[in-house]
Each structure stands twice: as C-alpha cells, then as structure tokens.
Amino acid sequence: MKLTKTLLAGTALALVAGGASAQEMADEMTIVSWGGAYQNSQLKAYVEPYMEMHPEVSVTWDESSAEAVAKLRAMNEAGNITWDLVDVVAADSIRLCDEGLAMEYDPEDLLAEGDDGTSAEDDFGDLLVDDCFIPQIVYSTTFGYRTDLVPEGADAPSEICDIFDLETYPGKRALEKRPINNMEWALLCDGVDKEEVYDVLATPEGQEQALAKLGTIKDDVIWWSAGADTPQLLADGEVFMGSTYNGRLYSVIEEQDQPVGMMWDAQVFDLDGWIIPEGLDEAHLARVKHFVKFATDTQRLADQAQYISYGPARVSSAPLVPEEMKQHMPTDPANSGNTFLYNYEFWADYRDDIDAKFQAWLAQ
Amino acid sequence: MSDTTQTGPIPDKPATGDETGKHGEMLSADGRSLKSSLNRALRRQKLRALMLIAPLLIFVLVTFIAPIADMLFRSVENDIVTNTLPGTVEALDDWDHSVGEAPGEGVYDALYFDLFLAAEAKEHTKLGTRLNYEQTGLSSLFRSSGRGLDDVGDDYLDALEEVDERWGEGDFVYRLMTGTGPSETGFVADRVRVLEKMTSETLPGDVGFAPSEEIRQLLPATTLAYTDFATFTALVEEDVVAEEDPWEAVYVGLIEDLQTADVASYSGPEAEALQAAKAADIPLVPLKQFFADEDGDWLDPNVWATIQTYSPKYTSGYFLNAVDMQLTPDGISMRPENQQIYLKLFKRTMFMSLVITGSCILLGYPVAWLLANLPASRANLLMILVLLPFWTSLLVRTSAWKVMLQQQGVINDVLVWLGLVDDMNRLVMINNQFGTIVAMTHILLPFMILPLYSVMQGIPPTYLRAAKSLGATNWTAFWRVYFPQSVPGIGAGSILVFILSIGYYITPEIVGGTTGTFISNRIAYHISSSLNWGLAAALGSILLAVVLLLYWAYDRIVGIDNVKLG
C-alpha cells in the first residue's frame, strides 16, 4: 500500500507542479499575526520584499493570532475560511492540526532547501513539531529586572530561584496568569531535578508542591495576561522583576533605554510559525504556498532577526544573523546555559487539569 | 382602521336601536358585531405593525437569537463519542466498570476498527481533546495510538504476501470482497451514515462497492474494515476503490476472521487464495494485547469508565462542571476542593455587581438631581461632562484608571508627597476588587445618571414647594415627596448597571488581578484559550438564567411597570 501510495502521491505532485506554473494564483492574501514589533519584523523581512517582486499581490493583515484557534474553529463551522496564512505558537498549531483545522504539508515539497544545500526537513529539524507547523522563530519566556532597584550590597539577580528570594530581592514580581512555565520554575526552585520536573508535575503531589512554592511569593505577584504588560510594569517601576517574551524585553532595553536587565537563567524556549488553514481554494492555496516558500527560506529568516531578537528556526540561517544581534538571541551560547523547552505533549494532556487547580489556587 | 373610526362608539350620527343586536350587542354599519369588526381591524393593524418590524425581527433572530441558542445548545451536546466510536460504545454496553477490570477482547476489536476509520478521517484527536476535559492524559492516548494502528496490519500483510503476492493488490482484494450472489447494499449504506456522522458532512455519491452476503457472513470483520475503506476512498478521497491498496485494518480483520471462518467450503472469487492464507496459519496478535503494547493506559478501567460515562448523546457533565461538580462513573460528586472555582466566581460576580450598582446610585443621584434642577445653560455644561467619558473608548478609560491607581501612580504619588502615606508602604489599589469596583463604577455611571435625570426632569418642582408650604421640613419634603417619584429612575438605572456589570469582561481583566475577576473572564478563557466551548456555554447559560431570575424577582418586588427610562 505504502509504495503505491507514494508513487501515486508522486505523480499527483508532479501533475500539481506541472500545473502550478499555469495555474492562477490569487492576488490577495490575508495574513494573521500578532501585531506590534513582531508583525513589523515579518513585514520588513519578507512581506515587503515579496510584494516588491510581485506588485500584483496585496496583503491584508489581521492581528488575531492570540485568538486564532477559536476563530479558525468558528470559521470552519461556518464553512467560510477568510484567512490564508496564520501565525501561531507551536502549541496552538498542534491543537489546530489535531482538530483538522490546519493543513498538513510535506516539508520537502513546500519549503525551500537551506542555502547550504541541506534539505528543509533537516534544516528545521526537531522544530517541525507536527505535520502542519511551518516554524519561523525560536523565542523564549524569560525574566527582566529593574537594574536601578537591585538592593544595595546584593548582586543583580542571575538565577531563576532569585524570583522566590523575597529577602534578598524584595518587591513585586510579574508572572503570567497561567500555570505553564510558572509551575516548572517553582519545582526547579523547590529542589526538583530538571530532568524530573515533568514527572513530578504529572502527579497531584507534584502540582501541590509547585503551587505551595508559588504560594511563598503569591502576595507579591502581579499576574499578567498580555505580553505587553510586563514591559509596562517594569517601565513604570511597578515590579522589580517579571517574566515576558525576550523580544519584548529587548525593545524595552535597547529601543526605550529603560534601566532593565535580562536574566536568561531557565528561559523557556517556544516556537512560533505559520499554519495554512485547511480548506483554502486552489488559487489562494497556490499563492500561499508560493509565499511561504519564499518567506521561510534561509535568507529571509535571517533577515527577520535584524528586526527582532528572536532566533531563526533554520539552522542554516544562524550564521547570517548580524553580529550585534546575536548577543540578544535566546539561542546565543552565552544566554542559553540553562534552558527549558516547552513540553507540548505534557501540556496538551495536563493543561485542563492543572489549569483548574491553578485558577482555584489563584482565587483563594 | 377606517371603518372602525367611522362606526365606532363616537360616530357623527347617534347610535339607533337598529344598530343594537338581539342580545344588546353593538353592531357596526355592515351588520357585524362591533367587537368582531374591531378585532378584525386591530388584527390588520397588528399585522401591519409586524411587517414594519419584520426586517428588524428577522435580523435579530438570525444574527442574535439563533447563534446564542446554538451556543447554549453546546452545553449539553455530546454526540462526539458515539459518532466517533460507534462500535466501541455498543460493545461497551455490557461492561460494568465497578468490577474494576478492563473490558474483554470484543471491545478492543471494535475500538481498533472504529479508531482506524476515525484516524483516517482525522477525527480521533478531536475525541481525545474532548475526553481530556474529563480525564487527564486521554488527549495524548488517542493521538499516539492513532499513529500506531498501521503497524499490526503491515505485519499481517507481509505474512500474507509471502503466501500469495497478490494480497497487497487493490483489485485482488476488491474481487474477493465483492464475491458473487446477492450483495449487502444496506450494510454499505449504514457505513456511509456512520462516516457522515463522524465527519459531520453529507457524502453523496456512489461507493462503487458492495460485499456479497456470503462474504459478509464468512468474513465479518474484514467486510467491515473493507467497507469502511471503500466508503472513505470513494466518498472522501474520491478515488476508485478497486485501484487503491486496502487499509491495514482489512488485513487485521482478515486474520481475525480466518481463526474461525470455514473457508474450505467457500467457492467464490479468489477462494483458493483465501484457503491458502488460512492454511498458512498466520499467528494472531490479539488486539487487546496490541493496545496494551501501544499504551498501558488502555488496560486502565478508568479510561473505559470515562468513555462509557460520556457516551450518551447529551450530557449534564458541562453544567455539573460549571457548578464545581463532576459526573463520574459512580454518579455525581463534588469536585476536589482544590479545583472548585466557579461557584466562588458566580458569587463574587453577583456581590461586586451589587456593590457597583450601589456606588452608582450613591454617586449618580446627586449629579442627576443637579442636572434636573440647574438652569438650562449650566445643566447642559454638566451634561457634557457626564457624557464626555461616555464617548471615550472603554479601554482608554480603564487604562487611565491603571495610571491613577497603581503603586507608582498619580494618587499614590500625591499621597506620598502630602506625607499621608509612607513611600515604602504605598496603597495597593489596583489588581484587586477595589480597582475593579472603582473603574467599573466610573464606566457605568452614565447608565445610572441618564435614566435618573430624565425621570427627575418629569417631577414638577411645585410638588416640593407645596410640601414645604404645608409645613414639611426640607428632608421630609425630599424623602416623602420627591424621592418616591424618582424611584422608577433608580430602578431603571439599577437594572441597566447591574445587568451590564454582571457580564463585564474587559475591565476586570485589566484591573481585576486575581481577586477582582468575574465569571465572564473564565467564560472568555474557555472560549478562546482552553477551547472547552461546552463548559463556556454552560457557564453562559447559568449566567443568563441568573439574570432572568433576578429580573423576574425585581418584577415581583418592585414591578417592572415602575421602571422608567424617560
């Protein structure tokens, strides 16, 4: 079965490829992204260059990535998909792929080879977390702190457990209003080995342990829900330290010149990338495929790193990243001494359960 | 209308005895009773009025009522389990979870074929997500098991191909399965319906395959698997059945069937190959064993109990969840204490909405009184001040409160500067209930002032003067004469403010922290983040019911006629 299927698929591909050149491509694309500095980096790195090469194409942006899964589900139920390309985090891609809302694709067919000749599959490697996800960047959730509020006589915080050290570092902390990441950090600082964190977190006792550890600082935490909250709280001096995405901290430090420092310890890596919604008509699909091949090639992903401090998802892009940007990348060896990778499988299973406990704990 | 005005009780010619019927009934000019004539006219009038509002009515029905009804329906809907695993649910009927043992072989056989079809249609992960709301770990159990289903069939196919090369060929299996003699078209139609239910799509068209009755009797499991393969290939992938390689599940079914089938007496197409396959005696891997190897959790009776508990088409599970209870195989029970949250949030939402309504009355009443009693020119200026924030974006107003109330904010800075508050102990006024109440009171204040103002404007100032001239003190005149007349305005304002605040979302989200959030924040979370729409719908239904209940209670106590918006 498999052989014939491959053969048939191959023939079909050849036919599609043969037909593609003659096939009409739609002239408009609706791209969904996060807005802000990140969307701007996409615009500069590949959307504008693409539109220069193909002046007939017009692009509409929709800044709905935060609600992408819910909205795609609703669109699918209504039978009217109005998006052509959607930027989502990897966990959302897995959910969309599970629900059949994102299109499965073949990396060798859809994505360009690396500049150094490596196949797309090898170039992206493990970052192809499911059959639908087209990775763009690696970002991390990490901590920033006010350099001017470090208590006299104390060193600047440099370890994850400094969050829980209210004696040395008094002041408020900003943490995300969800269990993901916080529970892991709490266990790490409660003496659990890094390798065993998820095993422990899978047990009710481990979840209690993590909440108990978070309980030691609960009164000093401001819980955030939007990525812009922590930079704002840091800039206002409302909190001493807080977690957020590293790109947000980069713009607070480098572009707004705030007295904020980065603490890379135990940063949690996560991925962001494209998915193509299932059920596009042929003309739109052809356009999107054409665009994606361009937008995720080695040079374009490296270009994106000029505008925002997120690591390109291709191995082959890394050498092309500008030198002055490298030090701000979460993947830079100086920053990635101690890292965590978002455990998609674990959180897909335990999200509902732990979230219920976490929210009940918050409301107490 | 015209005939009634002419023949009504006030016509220009006086009513004569002729126009009064036998029983003293009034008759109109055309001899009918006045009552029916009037009714007819009124009916026409009502119809015309209805036609005038018809566009709005249809608009509201289509864009508002229907989607809400559809959304609320999700709070009980649960047909995904039976639609995705129809055979398994049926086989599970006889199983009793209280024995504490995994079900027998039959259930695992049914599960394999159900799951294979579901995996091909990519529906099994949806089911996993659904069941994961009830039991942690089922999401990955379904996802990973869906991937491994091919393996066992591949092994069988290799063994079969050693006996006869043709086993892997589509047209060979097609000939074998089609057989001769009368065919089972009804069975194919049944399987098409199963597939339609699973994918929630209508699949028109011809499958182009039907097994013979003889084959179905001889090889029941194979027939089931092959028919599923045929319907899926023909209707979903739109390929020709005979040209495609059969699914691995077909070979799993075949080896199962060959254990017991009496193929020696069969004489249809490819009978020899079938007999040769039987003679080869390919060892059977029991499917229970296969699932146990895939993931040990499949032997866990709790997994099966969850599937069984949630197999009915409608469930009370979401509603129970929404009131901190749960539906377990042993009946309904409270959730563990560390997971109880919704009742608390409902109570908090009620309490805070009441406080906000109360603060709005306290702050709004004097302002409305001023507005109604100042000279027009100054009242207009004041009115603009009331309306100005009303016209400002909600987000801007909420963010402004953030700037005002935060610890490094304006109010704290002023208090520290005045020396009223120590710099190290600045007041915490935001990210808690206080912040939510302040911000929401400010935002909702116009909804209280405007109805109050229009009611107060209708109260003649002479009443107060009359009361005073009769010797009432200022307070008595206000309390006994003025206030009772302004109550309808308070009622209208309170209903508006209370109902608006009970469903408020964005302000509590921004300034509420952990202690100032409302139930609507959890509803939003389940709609957009956890995607548990059933639970969100149940929470929404309860909120709607509570609002209607309060409205009813208000009507009973105060009387809805007493509410005046102007």
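In which helix of chain A is Gln39(A) found? Gln39(A) is found in helix α2, residues 36-53 of chain A, where helices (H or I, at least four residues) and strands (E, at least two) are DSSP runs numbered from the N terminus. The structure is a predicted model, in which local features need pLDDT of at least 70 and side-chain atom pairs count only at pLDDT 80 or more, whereas totals for chains, interfaces and linings use all residues. Residues are numbered from 1 along each chain as its sequence is written, chains are lettered from A and ligands numbered from 1 in the order in which they are written, and side-chain values use heavy atoms, with hydrogens and water left out.

Gln39(A) has a relative accessible area of 10% and is buried (buried means under 20% relative accessible area, exposed over 50%, partly exposed in between, with a 1.4 Å probe and protein chains only). Residues up to four places away in sequence not counted, Gln39(A) touches Ser33(A), Trp34(A), Trp61(A) and Glu63(A); contact means heavy atoms within 4.5 Å.

Chain A is assigned domain 1 (16-132 + 276-326) and domain 2 (139-270 + 336-363), with bounds that come from an automatic or database domain assignment. The contact between them takes 9 residues from domain 1 of chain A and 10 residues from domain 2 of chain A. Their C-alpha centres lie 30 Å apart. About 820 Å² is buried between the two domains, 62% of it on carbon and sulfur atoms; buried area is the accessible area (1.4 Å probe) that two parts lose on being put together, summed over both. Ala91(A), Ser309(A) and Tyr310(A) supply 47% of the area that domain 1 of chain A buries against domain 2 of chain A, more than any other three residues. The count of salt bridges between these domains is 0, a salt bridge being a side-chain nitrogen of Lys or Arg within 4 Å of a carboxyl oxygen of Asp or Glu.

Between the chains, 39 residues of chain A are in contact with 40 residues of chain B. The area buried between chain A and chain B is about 3800 Å², of which carbon and sulfur atoms give 44%. The interface of the two chains holds 5 salt bridges. In one of these, Glu345(A) pairs with Arg143(B), the closest N and O atoms being 3.3 Å apart. Arg143(B) lies in helix α7 (residues 138-163) of chain B and Glu345(A) in helix α15 of chain A, so the pair joins two chains. Arg143(B) is buried, at a relative accessible area of 9%, whereas Glu345(A) is partly exposed, at 40%.

Over all chains, the whole structure has 26 salt bridges. Arg287(A) and Asp27(A) form one at 3.7 Å, N to O. Arg287(A) lies in helix α12 (residues 282-295) and Asp27(A) in the loop between α1 and β1 (28-32) of chain A, so the pair ties together parts that are 260 residues apart in sequence. The relative accessible area of Arg287(A) is 2%, and this residue is buried; Asp27(A) is partly exposed at 36%. Arg73(A) and Glu99(A) also form a salt bridge, with the closest N and O atoms 3.0 Å apart. Both residues count as buried, Arg73(A) at 14% relative accessibility and Glu99(A) at 11%. In chain B, a network of salt bridges links Asp164(B), Arg166(B), Arg175(B) and Glu270(B).
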